[in-house]
Amino acid sequence: MRFIFKTEYQQDVKLFPHGGAVFWYSLLIAAMFAAPLVLDEFYIGEITYVLIFTIIGVGLMILTGYTGLVSLGHAAFLGIGAYAEAYLLGQGLPFLITVPISGFIAAAFGVALGVPALRMTGIYLAIATLAFAIIVAEVFARWESVTGGYGGMQVPDITLFGIDIYEDWQFYYICLIVTLIVMFGALNLLRSPTGRALVAIRDSEIAAQSMGVNLAKYKTLSFALSAGITGIAGALFAHKTVFLSPDSFSIVFSIQLLVMVVVGGLGSLHGAVYGAIFIGALPQIISIAKDYLPHAIGEQPSLEAGVFGLILVLFVLFEPLGIYGRWMKIKLFFQLFPLYKKATFKRQKSYMKSERVR
Amino acid sequence: MINGAAVGCIYALVALGFVLIYKATEVVNFAQGDLLMLGAFIAFTLIALMGWSYWIALPVTAVILAAFGWGLDRAVFRRVIGQPQFAIIMVTIGIGIIMRAGVSMVPQWGTETYSIDTPFSNKVVRFGDIVVAQEYLSIIAGTAILCVVLYLFFRRSRLGIAMQAASQNQLAAYYMGIPVKTVFSMIWGISAAVATVAGILLAPVSLIEANMGLIGLKAFPAAVLGGFGSIPGAVVGGLIIGIIEQLSAAYLPDGFKDVAAYIVLLAVLVVRPEGLFGESMRKKV
């Protein structure tokens with residue numbers, strides 16, 4: 001087990017806790033950059049999806065995992081980003097400008113939703129975001145001059161520094177770089193006073209307020225950041241899917257995104273990555289498993305949805321901390337062997353209404 | 001207007017299911033619409049496939065679903081009592097997905113759409129100049145009867161009062177000798193039965209299919225408008241939402257019918273988050 005002796009306060013907010021982490025993360029980044037040289041084109045495409053979902057996961061994690069505001073409408077922000085990207089590119093703006101603008105547009109909608117959301121907590125907020133997502137999906141379908149309605153919308157190709165991006169590996173590098181920027185930004189945000197304020201709001205609004213955290217300001221900020229990051233992911237998503245239709249940003253997709261961060265592990269950026277890998281890998285695993293299942297079960301079209309729901313329920317029941325929580329537990333088990341005790345991760349339960357008001 | 005009220009009654013019934021569970025256990029059941037769907041499918045099996053009469057199939061289905069709701073609570077929701085609300089919401093969403101997928105896997109049900117014949121099909125009633133389909137009247141009457149029964153149950157019976165106590169403070173109710181866990185299971189049973197009745201009443205008007213549970217999403221505005229946790233509120237909210245929907249279909253451009261309910265919902269949440277009949281809670285430090 002590694003012991004970190006803290007001798008100064010700056011160590012608490014260091015980006016990497018120790019040299020080993022620097023080494024392994026650098027290795028991971030190097031491996032990601034080298035991947036297209038080694039891997040098949042199919043896998044590069046899949047990893048690109050995982051990267052885009054990672055960006056969404058980071059966005060949703062800031063809102064749900066760190067600020068404690070549950071959003072059932074993130075597919076709407078994704079859609080806003082995607083449509084904004086397609087529309088702006090169609091107007092002839094260059095790619096380097098449209099992606100940030102798409103993010104900003106989504107962030108503006110995030111603020112628009114965040115301000116009324118200040119008065120709500122818990123389920124009301126979840127339901128309000130749900131309503132928002134349904135309204136936005138309807139707008140996508142009806143505003144035909146911009147979105148093409150149910151007919152859908154073709155996403156123009158990217159041109160970057162005079163090079164046309166049409167190969168999968170080129171787009172993979174774009175996604176990888178954006179993911180790294182977003183990750184690095186989120187890590188820095190979370191160790192800054194702003195990030196601490198968000199976590200304080202999650203743990204107890206009343207306590208945070210007493211410590212001088214401006215609830216309205218930080219909740220709105222959290223909504224804006226989350227929506228903005230999701231909007232950027234949406235811009236990349238648009239290029240990945242090439243063709244946008246209103247159906248792709250339905251409420252089911254929102255729920256899927258939320259499941260992603262829950263299964264990955266709420267309250268950690270690792271969780272966002274694990275969740276994205278889970279979302280990306282599950283359909284593949286199921287399609288492989290189909291070959292080994294009896295015909296009657298294997299050929300069911302709703303098999304994937306069923307497995308998805310089952311995994312969600314099992315995770316919340318047996319591993320509320322998600323994949324990342326399981327990883328932490330296994331790590332701690334070996335670090336403390338044979339002194340590991342289950343109670344380390346036990347969560348406080350609350351049985352009274354007054355206990356639930358935070 | 002009558003059609004709007006009838007659709008509103010369905011929303012009211014689903015919202016009633018939400019409210020019952022929320023009031024007692026503080027769980028928002030996102031799978032309520034899927035319980036409705038399952039109820040409709042079982043009724044379809046009994047009536048259309050096995051040839052039972054409507055009046056026998058209705059209570060039998062309600063009992064089956066009540067048992068299902070009871071079992072669901074025993075197997076799943078009992079484990080998550082006391083956990084953060086968010087976790088519980090996720091479980092209900094997951095259960096809903098599983099139920100939807102499960103129903104479409106059952107051989108005789110599948111992903112097709114069905115309808116059932118009821119004693120009310122294709123008959124009309126005349127009030128002077130107004131012609132109303134009996135199906136819609138049956139929905140309104142069914143809702144009214146169910147509401148009165150539930151109201152009396154919660155006000156008059158020992159069990160109903162025990163349920164109210166459990167909903168206000170789980171620990172205190174437990175100390176008073178109320179078997180809180182059993183009470184919660186019963187609430188789930190009742191709520192599932194209410195959803196079933198809604199499903200069977202809805203069946204002649206809409207079609208039976210695996211995704212009919214999405215009507216549950218429409219019931220959220222109803223529940224919120226009435227104030228989550230208020231039984232009369234749910235009914236009034238459902239009626240208002242149903243009527244608003246019909247009116248916006250008649251007077252507003254295309255597309256507003258589907259979102260009108262949600263626009264109302266957002267407006268209510270902004271202006272008066274506790275709804276029409278709700279009670280707000282604050283923590284004093």
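I shall take the cavities in turn, with their volumes and their linings. Please bear in mind that this is a predicted model.

How many cavities of 30 Å³ or more does a search of the whole structure find? The search returns three.

Let me begin with the largest cavity. The space within it comes to about 100 Å³. Its lining consists of 14 residues, and those closest to the centre of the cavity are B:Thr25, B:Val27, B:Ile81, B:Gly82 and B:Ile88. Three helices of chain B each give two or more residues to this lining: H3, spanning 54-80, H4, spanning 85-105, and H8, spanning 180-202. Which of the elements supplies the largest share? That is H3(B), with three residues.

I turn now to the second largest cavity. Here the space is about 40 Å³. The lining is made up of B:Leu20, B:Lys23, B:Ala24, B:Phe154, B:Met163, B:Gln164, B:Ser167 and B:Ile187. Two helices of chain B, H1 (2-25) and H6 (158-168), each contribute two or more residues to the lining of this second cavity. By class, the lining of the second largest cavity has five nonpolar residues, two polar residues and one charged residue.

Thank you for your attention.

Methods: Residues numbered from 1 in each chain as written. Chains lettered and ligands numbered in written order. Predicted model: local features only at pLDDT ≥ 70, side-chain atom pairs only at ≥ 80, totals over all residues. Heavy atoms only, no water. 1 Å grid on protein atoms, 1.4 Å probe; cavity = no way out; pocket = protein on both sides within 12 Å on 5 of 7 lines; lining within 4 Å. Points joined across faces, edges and corners; volume = space filled by probe spheres on them. Helix = DSSP H or I, 4+ residues; strand = E, 2+ residues; numbered from the N terminus. Nonpolar A, V, L, I, M, F, W, Y, C, P; charged D, E, K, R; others polar.
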